[in-house]
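Here are a few friendly notes on the charged side chains, for you to read alongside the model.

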Amino acid sequence: MLNERCAREFKALLAEVLTADAAAQETDDGKTALNSWSTAKRLLKSDPRYNKMPRKDRESLWRRYADDMLRKQKSEKMELDSKDDKKVDHRSRSSGDYGRLSSGLRGSHDRR
């Protein structure tokens with residue numbers, strides 16, 4: 001029960017510290033808090049919840065959290081890209097249809 005409580009508190013620490021903004025900050029060698037345990041550790045060590053979690057479990061819990069965050073970021077990016085593609089397609093069709101429609105109207109209007 002105590003181990004479960006420590007794990008819950010450690011996961012809360014991960015969620016508080018390893019935000020999307022923190023994960024976006026890269027070191028000089030391209031590491032982030034989501035792709036490098038040593039980088040994440042530097043951000044987490046100062047909190048007492050870090051030391052309460054058994055050393056052997058810290059990295060594995062971080063890895064699961066980081067994998068989930070990366071998966072969510074990738075999914076969100078794919079959704080945004082998909083929405084952007086639809087907006088571009090819609091705009092190009094609308095402008096093309098408008099040109100055809102207005103020229104078609106002019107042609108039928110001129111004939112009358």
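1. Let's begin with Asp57, which is buried at a relative accessible area of 17%; buried means under 20% relative accessible area, exposed over 50%, and partly exposed in between (1.4 Å probe, protein chains only). Its partner in a salt bridge is Lys56, at 3.5 Å from N to O, where a salt bridge is a side-chain nitrogen of Lys or Arg within 4 Å of a carboxyl oxygen of Asp or Glu. Lys56 itself is exposed, at 69% relative accessibility.

2. A word on what you are looking at: this is a predicted model, in which local features need pLDDT of at least 70 and side-chain atom pairs count only at pLDDT 80 or more, while totals for chains, interfaces and linings use all residues. Residues are numbered from 1 along each chain as its sequence is written, and side-chain values use heavy atoms, with hydrogens and water left out.

3. Across the whole structure, the search finds 7 salt bridges. One of them joins Arg5 to Glu9, with the closest N and O atoms 3.3 Å apart. The two sit 4 residues apart in helix H1 (residues 2–17), so about one helical turn separates them; helices (H or I, at least four residues) are DSSP runs, numbered from the N terminus. Both ends are partly exposed: Glu9 at 25% relative accessibility and Arg5 at 43%.

4. Do look at helix H5 (residues 55–111) too, where Asp68 and Arg71 lie 3 residues apart, about one turn of the helix. Their side chains meet in a salt bridge at 2.8 Å, N to O. Asp68 is partly exposed at 36% relative accessibility, whereas Arg71 is exposed at 52%. Elsewhere, salt bridges with shared partners link Glu16, Asp47 and Arg49 into one network.
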